[in-house]
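Please read them with the structure open.

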Amino acid sequence: MTAPWLHIVGIGEDGLDGLTPATRAVVEAAEVILGGDRHHALAADITAERLAWPSPFDAMIATIQGLRGRRAVVLVTGDPLWFSVGARIGRAIDPAEIIYHPQLSAFQLAAARMGWSLPDVETLTVHGRPVAQMIAFIQPDARLLILTTGAETPSQIAEYLASRGYGASKMTVLAAMGGKDEARFEGTASDWNHTVPAFNTLAVECIAAPDAALQPRVPGLADNLFQSDGTMTKQEVRAATLAKLMPMRGALLWDIGCGSGSVAIEWMRAARYARAIGIEPRADRRAMAAANALALGAPKLELVDGSVPAALDGLAAPDAIFIGGGLSRETFDAAWAALRPLGRLVANAVTLESEAELIELHRTFGGELVRISVHRAEPVGRLTGWRPAMPVTQWSLVKR
C-alpha cells in the first residue's frame with residue numbers, strides 16, 4: 001500500500017491558531033502549500049512554496065499529482081469532505097495516499113450561531129453551482145443552511161422565496177465565522193436589501209403565507225406547475241411512474257420522449273444529486289422542459305436533441321429509464337442493453353398500438369403490467385360528475 005503523502009487541511013477564519021497542534025505541525029513542515037488566496041492569507045507565516053488553484057480548475061488534480069514526493073499540503077475551508085474539494089481529490093487520488101485534517105465546517109458554525117440542531121436542517125451548497133437548485137427545498141417550516149456562491153446569492157434566494165409565497169421567511173447571512181471580522185446580517189426575504197461579503201453562509205427559516213406554493217419533493221406535483229402543450233405525464237400517473245422508477249441518490253435517469261420534462265424533473269427533485277437526461281426531438285418541448293427545470297429547482301437537467309434509438313448512442317449508462325414517447329422494440333432493445341444491473345425501466349402507453357407493443361414485451365421479458373385509470377370530478381351543468389382521463393397502460397421491470 002502506498003504511504004500517505006498528501007495532507008488536505010481544513011482551516012477556519014482563526015487561521016493557524018484554530019488548528020490542532022499536530023495539524024499545525026504538518027502545515028509548518030510543508031514544502032509546498034496549494035490553496036486559494038484566502039487560505040494562504042490565513043496561514044501567512046509559513047515559508048513553504050505557495051501554489052494557487054490552477055486555471056482552469058479542472059487542472060487541479062494534475063497539479064496535485066505533480067507534488068508527489070514532496071511534503072505537500074492542500075488548504076481548504078472547514079471540513080475537506082463536506083461540500084469541499086477534498087472529496088473531488090479523493091475520487092482521483094487513492095484515499096490511502098491522503099490524510100484529511102477536518103476543521104469545524106461552516107454548517108456546524110452556522111448551526112451553533114443560529115441555535116439549530118443539524119439533524120433538523122437541510123445543508124445545501126450553491127457555491128459554484130446553479131442557485132436554482134435550492135428551490136426544491138423551499139417548504140413550510142423548513143430550515144436551510146446554504147453555502148453561497150457570492151455576495152449576490154442571498155438576494156437571488158430572497159427573490160425565489162418571495163415569488164413562491166415565502167416572503168416572510170427569516171434570512172441570516174453569517175460571514176467570517178470564527179474570525180475577528182465575523183459579521184451577521186438579518187432580514188426577511190421580502191425586504192432583503194443587505195450588501196454582504198462575498199464569502200458567506202446563509203441561514204433560511206422558511207415561513208409560508210396562506211397562499212404559498214406547496215411543492216414537496218415527493219413526486220406528484222400539480223400539472224399546472226409545468227409549462228406544457230398538453231402531452232405530458234399527468235400528476236397521478238407521474239407519481240405512479242416515479243414510484244416504479246425509484247429515484248435514488250446520485251442515480252441517472254434517461255427520460256425518452258421527455259416532452260415538458262415532468263418525469264425527469266420530479267426524478268431529480270426526489271433524491272439528492274439525482275441526474276437526468278431528457279431525449280426529445282422537438283425544440284419547442286425542449287425549451288419548455290428547460291424552463292420547467294429552472295423554475296422547479298432542477299436546473300442541471302440535460303436535454304438531448306434527437307430521435308430514438310439513435311440518440312441513445314454515447315450517453316452515460318442509466319440507473320433507470322422512462323419511455324414516455326418513441327416506444328418501439330428497437331428503442332427498448334437499445335435502452336435495455338444500456339441499463340445498468342438493478343436498473344428500472346418503465347414504459348407508459350395510451351394508444352392501442354403502443355399498448356400492444358407493451359403486451360408483447362411483457363410476454364417476452366416479464367415484469368409488471370398494469371392499467372392506470374384516473375377520473376376527475378368536473379362540472380356537469382349545475383351539478384358535478386366524473387370525467388375520465390385516457391387510461392394508461394404501464395409496464396415496469398427491474399434488470400437482474
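The points cover aromatic pairs, charges over rings, nonpolar cores and salt bridges.

1. Basis. This is a predicted model, in which local features need pLDDT of at least 70 and side-chain atom pairs count only at pLDDT 80 or more, while totals for chains, interfaces and linings use all residues. Residues are numbered from 1 along each chain as its sequence is written, and side-chain values use heavy atoms, with hydrogens and water left out.

2. Aromatic pairs. Six aromatic pairs are found in a search of the whole structure. Rings of Phe, Tyr and Trp (its six-membered ring) pair if their centres lie within 6.5 Å; planes under 30 degrees apart count as stacked, over 60 as edge-to-face and the rest as tilted. Phenylalanine 83 and phenylalanine 107 are edge-to-face, because their ring centres are 5.7 Å apart and their planes stand at 70 degrees. The two are 24 residues apart: phenylalanine 83 is in the loop between strand 4 (72-77) and helix 4 (85-92), and phenylalanine 107 is in helix 5 (residues 106-114). Helices (H or I, at least four residues) and strands (E, at least two) are DSSP runs, numbered from the N terminus.

3. Burial of that pair. Buried means under 20% relative accessible area, exposed over 50%, and partly exposed in between (1.4 Å probe, protein chains only). Phenylalanine 83 has 24% relative accessibility, so it counts as partly exposed; phenylalanine 107 has 1%, so it counts as buried.

4. The helix 10 pair. Phenylalanine 332 and tryptophan 336 are stacked, with 5.6 Å centre to centre and 20 degrees between the planes. Both belong to helix 10 (residues 329-338) and are four residues apart, about one turn of the helix. Phenylalanine 332 is buried at 1%, and tryptophan 336 is buried at 17%. Ring pairs join Phe332, Trp336, Phe365 and Trp395 into a cluster.

5. Charges over rings. The criterion is NZ of Lys or CZ of Arg within 6 Å of the ring centre and within 35 degrees of the ring normal. Lysine 399 sits over the face of tryptophan 336, 5.6 Å from the ring centre. Arginine 38 sits over phenylalanine 199, at 3.9 Å from the ring centre.

6. Arginine 38 again. Its side chain also forms a salt bridge with glutamate 13 (2.6 Å, N to O). A salt bridge here is a side-chain nitrogen of Lys or Arg within 4 Å of a carboxyl oxygen of Asp or Glu. Arginine 38 lies in helix 2 (residues 37-42) and glutamate 13 in the loop between strand 1 (6-11) and helix 1 (21-28), so the bridge ties together parts 25 residues apart in sequence. Arginine 38 is partly exposed at 26%, as is glutamate 13 at 25%.

7. Other salt bridges. The structure holds 25 salt bridges. One of them joins aspartate 229 and arginine 285 (2.8 Å, N to O). Aspartate 229 is partly exposed, at 38%, whereas arginine 285 is buried, at 17%. Salt bridges also link Asp223, Glu236, Arg238, Glu266 and Arg376 in a network.

8. Nonpolar cores. A nonpolar core is a set of buried Ala, Val, Leu, Ile, Met, Phe, Trp, Tyr and Cys residues joined through side-chain atoms within 4.5 Å. The largest has 26 residues, of which Met134, Leu144, Ile146, Leu161, Met171 and Val204 touch the most other members. Helix 6 gives the most to this core, with three residues. A second, separate core of 23 residues includes Leu221, Ile265, Leu296 and Leu301.
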